[in-house]
Amino acid sequence: MATTQAAIPPGGTWFDTLKKSFVDVPIDTANDNAIPTSDFLDAAESLTTLFDLLGSIAFTPVKNDMLGNIQKVRSRLLASPSTSSTLQSLVLSELSTKKSHTATEGLLWLVRGLDFTATALRHNQSNPSAELSTSFRTAYGTTLKPHHSFMVKPIFSAAMSATPYKKDFYAKMGADEGKVRGEMGRWLDGLEEKLGVLREFMGRKEAKW
């Protein structure tokens, strides 16, 4: 799957370029809120093109980190599809082998990275006067920074300082800012719903290694 931003269609928005939106990733409430692995990974991979819109090579490590974690989870899905159809079953089946936790750890970091992105964009949606740099710094401090080593923190901090002006960012997402903001709100609702499910699951004893 392509991980570079596709052209936005006339009258459309960045959300029209996504192969899969988090809005369309289902949750099986009858099966302990199970989330389909392939759908979730496709939506997460689509999200990484957002970092291209931020327009700075400083965000390349952030994007590559997320893609690397997606690949760890996808590799487990491809290696053991019968026991990995949902994220929850993938984690439990991998940990039951007692041999590896690569995909589980990848999912944990992927959730953290997605939480960082969602928190930054939600902050910016909720605070009209805030610039993107403020929203991304605030989000980094509450999501990823507590888990990063002193060697990684400067890399991510540099990216936070390289964010474009808000007006330029929203213009890149689509010509109609009102439409962009409306679609972003729905997309964030979908993303945050899945993150809530996964944070609860990853916090369980059986999901730890």
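1. Secondary structure. The protein has nine helices and zero strands. From the N terminus on, the elements run α-α-α-α-α-α-α-α-α. Please keep in mind that this is a predicted model.

2. Overall dimensions. The C-alpha trace spans about 50 × 40 × 30 Å along its principal axes. For 209 residues, a compact globule would have a radius of gyration near 17 Å, and the protein agrees, with 17 Å.

3. Burial and contact range. Of the 209 residues, 48% are buried. Take the contacts between residues at least 6 apart in sequence: 69% of them join residues at least 24 apart.

4. Helix 1 against helix 3. Helix 1 covers residues 37–47, and helix 3 covers residues 60–79. Their axes come within 10 Å and cross at roughly 160°. An angle over 145 degrees counts as roughly antiparallel, so helix 1 and helix 3 are roughly antiparallel to each other. The crossing of helix 1 with helix 3 is left-handed.

5. Who makes that contact. Helix 1 contributes Thr-37, Ser-38, Leu-41, Asp-42, Ala-44, Glu-45 and Leu-47. Helix 3 contributes Met-66, Leu-67, Ile-70, Val-73, Arg-74 and Leu-77. By class, the residues of this contact between helix 1 and helix 3 are eight nonpolar, two polar and three charged.

6. Helix 5 against helix 6. Helix 5 runs over residues 102–126 and helix 6 over residues 132–142. The two axes come within 8 Å and cross at roughly 140°. Helix 5 and helix 6 are therefore oblique to each other. Their crossing is right-handed.

7. Who makes the second contact. On helix 5, the residues are Phe-116, Thr-119, Ala-120, Leu-121, His-123 and Asn-124. On helix 6, they are Leu-132, Thr-134, Ser-135, Phe-136, Thr-138, Ala-139, Tyr-140 and Thr-142. The contact of helix 5 with helix 6 has seven nonpolar, seven polar and no charged residues.

8. Ser-84, a loop residue. Ser-84 sits in the loop between helix 3 and helix 4, the latter being residues 87–96. Is Ser-84 buried or exposed? Its relative accessibility is 0%, so Ser-84 counts as buried. Leaving aside residues up to four places away in sequence, Ser-84 touches Thr-37, Arg-76, Leu-77, Ser-89, Leu-90 and Ser-93. Ser-84 and Pro-36 are 48 residues apart along the chain, with 8.7 Å between their C-alpha atoms.

9. Val-152, another loop residue. Val-152 lies in the loop between helix 6 and helix 7, where helix 7 is residues 153–161. With 27% relative accessibility, Val-152 counts as partly exposed. Val-152 and Lys-208 are 56 residues apart in sequence. In space, C-alpha to C-alpha, Val-152 and Lys-208 are 24 Å apart.

10. Asn-33 and its backbone. Asn-33 belongs to the segment before helix 1. Phi of Asn-33 is near 60°, a positive value in a residue other than glycine. Asn-33 has a relative accessible area of 30%, so it is partly exposed.

11. Lys-98 and its backbone. Lys-98 is placed in the loop between helix 4 and helix 5. Phi of Lys-98 is near 65°, again a positive value in a residue other than glycine. How does Lys-98 count, buried or exposed? At 76% relative accessibility, Lys-98 counts as exposed.

Notes
Residues are numbered from 1 along each chain as its sequence is written. This is a predicted model: local features need pLDDT of at least 70, side-chain atom pairs count only at pLDDT 80 or more; totals for chains, interfaces and linings use all residues. Side-chain values use heavy atoms; hydrogens and water are left out. Axes are lines fitted to C-alpha atoms, for helices over the stretch in contact, and angles run from 0 to 180 degrees between N-to-C directions. Helices (H or I, at least four residues) and strands (E, at least two) are DSSP runs, numbered from the N terminus. Angles under 35 degrees count as roughly parallel, over 145 as roughly antiparallel, 65 to 115 as roughly perpendicular and the rest as oblique. A crossing is left-handed if the near helix is turned anticlockwise from the far one by less than a right angle, and right-handed if clockwise. Contact means heavy atoms within 4.5 Å. Ala, Val, Leu, Ile, Met, Phe, Trp, Tyr, Cys and Pro count as nonpolar, Asp, Glu, Lys and Arg as charged, and the others, Gly among them, as polar. The radius of gyration is taken over C-alpha atoms; the globule rule is 2.2 Å times the number of residues to the power 0.38. Buried means under 20% relative accessible area, exposed over 50%, partly exposed in between (1.4 Å probe, protein chains only).
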